[in-house]
Amino acid sequence: MASSFLLHADKGCDKDTWPDTLQGTRQLYDNWAKTYDPELKQHGYNGPTATVKALVKWVPDKTARFMDIACGTGLIGEELLKAGYSSIDGLDMSTESIKICKEKNIYGRLVCSEVTTNRLDIDNDTYDATVCVGCFVPHHMNEECFPELARITKPGGFLVITMKQAYFDTSEDYNYGGKFEAAIQSMVQQGKWEVMARDHVEGYFGEHNGVTLVFKIM
């Protein structure tokens, strides 16, 4: 199932390709966990590498504490570790993916949870940087969770989001573009964060480009 899904995703990944519930999405990743790493690497998934490259500029302190949101099987954690960071926690809705993360011995605390408008089991102002790579996808996460991501990040810390450019640009097809930008500006107007960067990511996933957004929490 997962391999077939990924082939469709690489060709376009329209909204109808994804499961239409959080439960279905969780089951997809539970089934996919054991083959997730090699399949994404085979299809040219560049999100983790590009994101950590951006992070080094904004978070030079190697002792900084990170939260890897939707950490999956730990691809972002691996890149953070290579870059010299060692204080990394992770969160994911897939219990099978969490098991893979534990085997890799990269993360400190691992939280099994989805990210919605509900309060996470994480204290205010915990992390120097919160990282979200490849999780703003149909039926995964959306702009409604912005306040919660900001809450767990320290004032002066950074929230970094990397996603497929098409999801950010196209509101009608993916329900992100218009709402996403409006929610970003609402957080700016509320004094919750400042937009620091919008970086183009060439070859984010195969032939599809991406964007990395960097926010400084106020």
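The following legends describe close-up views of one predicted model.

In this predicted model, local features need pLDDT of at least 70 and side-chain atom pairs count only at pLDDT 80 or more, while totals for chains, interfaces and linings use all residues. Residues are numbered from 1 along each chain as its sequence is written, and side-chain values use heavy atoms, with hydrogens and water left out.

**View 1. An open sheet is formed by seven strands.** The order of the strands is β3-β2-β1-β4-β5-β7-β6, and the pairing is mixed. Helices (H or I, at least four residues) and strands (E, at least two) are DSSP runs, numbered from the N terminus; two strands pair if DSSP finds at least two bridges between them. At the edges stand β3 (110-112) and β6 (193-205), each with a single partner strand, so one side of each has no neighbour in the sheet. On average, neighbouring strands of this sheet are turned by 15 degrees against each other, direction ignored. Strand β1 (residues 65-69) runs parallel to strand β2 (residues 87-92), and five bridges join them. Within β2, L91 stands opposite I69.

**View 2. Strand β5 (residues 153-164) is largely enclosed by the rest of the structure.** Nine of its twelve residues are buried, where buried means under 20% relative accessible area, exposed over 50%, and partly exposed in between (1.4 Å probe, protein chains only). Strand β4 (residues 127-133) pairs with β5 in the parallel sense over six bridges, and C132 stands opposite I161 in β5. From β4 the chain crosses through α6 to β5, and this β-α-β crossover is right-handed: with the strands pointing away from the viewer, the path from the first strand over the helix to the second runs clockwise. Strand β7 (residues 208-217) runs antiparallel to β5, joined to β5 by seven bridges. The bridge partner of M163 in β7 is V211.

**View 3. Helices α3 and α5 lie across strands of the structure.** Helix α3 (residues 47-58) lies across β1, β4, β5, β6 and β7 and runs at about 155 degrees to β4. Helix α5 (residues 95-104) lies across β2 and β3, at about 170 degrees to β3. Axes are lines fitted to C-alpha atoms, for helices over the stretch in contact, and angles run from 0 to 180 degrees between N-to-C directions. Contact means heavy atoms within 4.5 Å.

**View 4. R151 is a buried residue of helix α6 (residues 146-151).** Its relative accessible area is 14%. The side chain of R151 makes a polar contact with the side chain of E148 (2.6 Å). A polar contact is a pair of N or O atoms within 3.5 Å; within protein, one must be able to donate a hydrogen and the other to accept it, and residues adjacent in sequence count only if both atoms are side-chain atoms. Leaving aside neighbours within four places in sequence, R151 is in contact with R119, L120, I122, D123, N124 and D125.

**View 5. A70 and D125 each have a positive phi of about 55 degrees, although neither is a glycine.** Most residues other than glycine have a negative phi. A70 lies in the loop between β1 and α4 (75-82) and is partly exposed, with a relative accessible area of 25%. D125 lies in the loop between β3 and β4; at 40% relative accessibility, D125 also counts as partly exposed.
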